[in-house]
Structure formats: structure tokens, C-alpha cells
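Look at the fold, the core and the side-chain pairings of this chain. A report in short sentences is wanted.

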Amino acid sequence: MVLYKLEDFEPNYRDAFEGHDITGLGVYTQGTDEKIGTVSDVLVDEEGHFRYLVVDLGFWIFGKKVLLPIGRARIDYSVDRVYTIGLTREQAEDLPEFNERQTLDYDYEERVRGVYRQPTDYAAPVDASAPLDSVAPLGTTPTYARDDYSYEREPSLFGLNEQDHQTLRLYEERLIASKHRQKTGEVSIGKRVETETARVTVPVERERVVIERVTPADAGTAVSGREADFREGEVARLEIHEETPDVRKEAFLREEVRVRKVVDQDTVETQETVRREELDVNSGNFPIEER
């Protein structure tokens, strides 16, 4: 049988107790009103049933934590107290110390239950609904087996003592809304490089040679021998230039893209069937006054 801490089993357990929290309540002996410790945790089974209160004995037995079966406790929220039923100091000293790092197996629980099974001034109530073979005769100690043990077989330890719970409580179910966050998708934003052919117009200049032949105004006029300078192979040279486009590329910042998330608020309505207990009084011929 696996046991869980109450808060690990149901983190919102306080909602079921109308905001009350059993942890932190003082633990007192019934009858003497002596404080023996404080509830530090609650252990529940796989179905959520309370099985043990973890009690820090404080200065009663300094520095020791023990397990108190729920059937040996009476919780009184009106005074924020837990009263132990039939727990003696000798029993508390004999109880194995509770350590959160240790595994709570059957053998450990049997050591705990064995201490509470010892005779005390406490008279264990008999559960009328329990099978006859599960109730040990007076003066005998019942035996239990690892394979078929169940908490229901020991109502004196794990059943609610009706003598200590005379108040009839009417319960109702309420819808407790909670939210859980889940991933619905993923958006990837990246960059890619695209290429295109860009065209640019560049005006260029090219030089060319133009040869013009003109007839001077004094054409046909005789010149002297000194002016007529005949030279073989005289050449006139001109440098010809032209412009060619020189194109280069430079990178410029075109735009900036900012990526962020926004949260849209919405209200989702859901419905569920809830139950509520109503008081059913069968008084016969007796007058009943309700207040």
C-alpha cells in the first residue's frame, strides 16, 4: 500500500475543507488537555483516504516525529486542535520515528500499528459493518498478513470513532476551477536570402577621332621654299579614352523586425453536475425543532 503526502496527492486540498488546513494544528491528549505536539503533515492512501497524521512531538519528546492513525485522532476545527485518543507517553516513546527519507513499507507500518495495538485505557469501538472474522475476541491479539492486509480491518486505528464525531455534517460539491498551461503550437521565425537581378543605368563617354579636310582660304597661293617644309613620315598622335561602368555592391539596413508575444484574454464556460446533501428527518410522532 502506497501512502502519499496530502499536498502531493491533492495540491488544492484546502478548497475541500473550506480553507481550513489541518497541518499546523496543535495536538493534545484527550482528557488531560496536555499539548504533545503539532501536525506537520497528513498521509493518504491511493484513494485519498486519511490514514495517518504526522505529529511532531516537539518538547513532549524532543525532536521526534511519529505517525498517529486517523482513528486515534479527533479534529476540532472550532478550537484548531487535534485530540489523541488513548495515546500515552510510553506508546509515543515506543513508536518508530518517522523520517521522510525512509520508505513507508508494510513492515514499518506494522511497527507503528503494533504499538497502538498494545492495551491501554482506551476502549476501541467495534465497527458493526466489519465482518465478524475481522474482529478479534476479547483478550486476544489479531494477526494480519502482508498480502491481505487492509486498513478497513482495523477500524479502531483507521475508522472514524462515532463517539467523537456526533456532529452530522451535510456536504455539497462545488466546482473548483483551475487552469493548466499546455503547448498548442510553435512558431519559427528566421531569415532567408533571395537573389534578383538589379539593373542600373550608368552614363559613359567614349572618345573617337574625327578627321576633317577643309580648303583654306589661301589655297592655290604659292609659298616660298622656306614655308614649304616637306617632312617624310610626320605623324600626329592622339590618345583615345572611353569610360566603362564600375559597379560594386554595398549592404544597407532595410528594415527591423521585432518578434514578441501578446496574451489574449478570454472566458471559457464549462459545466458539471454537482451533488448536495439535504437533511432528511424521520421523526415519527416526536416533535422536532430546527434552529
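What follows is a report on the chain as a whole, then on its core, its charged pairs and its rings.

**Basis**

This is a predicted model, in which local features need pLDDT of at least 70, side-chain atom pairs count only at pLDDT 80 or more, and totals for chains, interfaces and linings use all residues. Residues are numbered from 1 along each chain as its sequence is written, and side-chain values use heavy atoms, with hydrogens and water left out.

**Chain**

The chain has 5 helices and 7 strands. Helices (H or I, at least four residues) and strands (E, at least two) are DSSP runs, numbered from the N terminus. In order from the N terminus, the elements read β-α-α-β-β-β-β-β-β-α-α-α.

Of the 291 residues in the chain, 23% are buried. Buried means under 20% relative accessible area, exposed means over 50%, and partly exposed lies in between (1.4 Å probe, protein chains only).

Contacts (heavy atoms within 4.5 Å) can be sorted by sequence separation. Among those in the chain with a separation of 6 or more, 62% join residues 24 or more positions apart.

**Core**

The largest nonpolar core holds 40 residues. Such a core is a set of buried Ala, Val, Leu, Ile, Met, Phe, Trp, Tyr and Cys residues joined through side-chain atoms within 4.5 Å. Leu43, Tyr52, Leu53 and Leu67 touch the most other members. Two or more residues each come from β3 (35-44), β4 (50-56), β5 (65-69), α4 (106-116) and α5 (155-158).

What does leucine 67 contact, beyond its neighbours within four places in sequence? The partners are Leu43, Tyr52, Leu53, Val54, Leu95, Phe98, Tyr108, Val112 and Tyr116.

**Charged pairs**

The count of salt bridges is 20. A salt bridge is a side-chain nitrogen of Lys or Arg within 4 Å of a carboxyl oxygen of Asp or Glu. The table gives examples.

| Salt bridge | N to O distance |
|---|---|
| arginine 81 and aspartate 33 | 3.3 Å |
| glutamate 250 and arginine 248 | 2.4 Å |
| glutamate 278 and arginine 276 | 3.0 Å |

Take the pair of arginine 81 and aspartate 33. Arginine 81 lies in strand β7 (residues 81-84) and aspartate 33 in the loop between β2 (26-29) and β3, so the pair ties together parts that are 48 residues apart in sequence. Arginine 81 is partly exposed at 21% relative accessibility. Aspartate 33 is partly exposed too, at 42%.

Glutamate 250 is partly exposed, with 48% relative accessibility. In the bridge of glutamate 278 and arginine 276, glutamate 278 is exposed at 55%. Arginine 276 is exposed at 60%. Elsewhere, salt bridges with shared partners link Glu109, Glu110, Arg113, Arg117 and Glu154 into one network.

**Rings**

A pair of aromatic rings is described by the distance of the centres and the angle of the planes. The whole structure has 6 aromatic pairs. Rings of Phe, Tyr and Trp (its six-membered ring) pair if their centres lie within 6.5 Å; planes under 30 degrees apart count as stacked, over 60 as edge-to-face and the rest as tilted.

Tyrosine 149 and tyrosine 151 pair edge-to-face, 6.0 Å centre to centre with 80° between the planes. Both tyrosines are buried. Tyrosine 151 also pairs edge-to-face with phenylalanine 158, at 4.7 Å centre to centre and 70° between the planes. Tyrosine 151 has 4% relative accessibility, and phenylalanine 158 is buried at 7%. One aromatic cluster is formed by Tyr52, Tyr106, Tyr149, Tyr151 and Phe158.

The rule asks for NZ of Lys or CZ of Arg within 6 Å of the ring centre and within 35 degrees of the ring normal. Arginine 113 lies over the face of tyrosine 149, 4.0 Å from the ring centre. The charged end of arginine 81 sits over the ring of tyrosine 28, at 3.8 Å from its centre.

**A backbone detail**

Aspartate 80 is in the loop between β6 (73-76) and β7. Its phi is near 55°, a positive value in a residue other than glycine. Aspartate 80 is partly exposed, with a relative accessible area of 43%.
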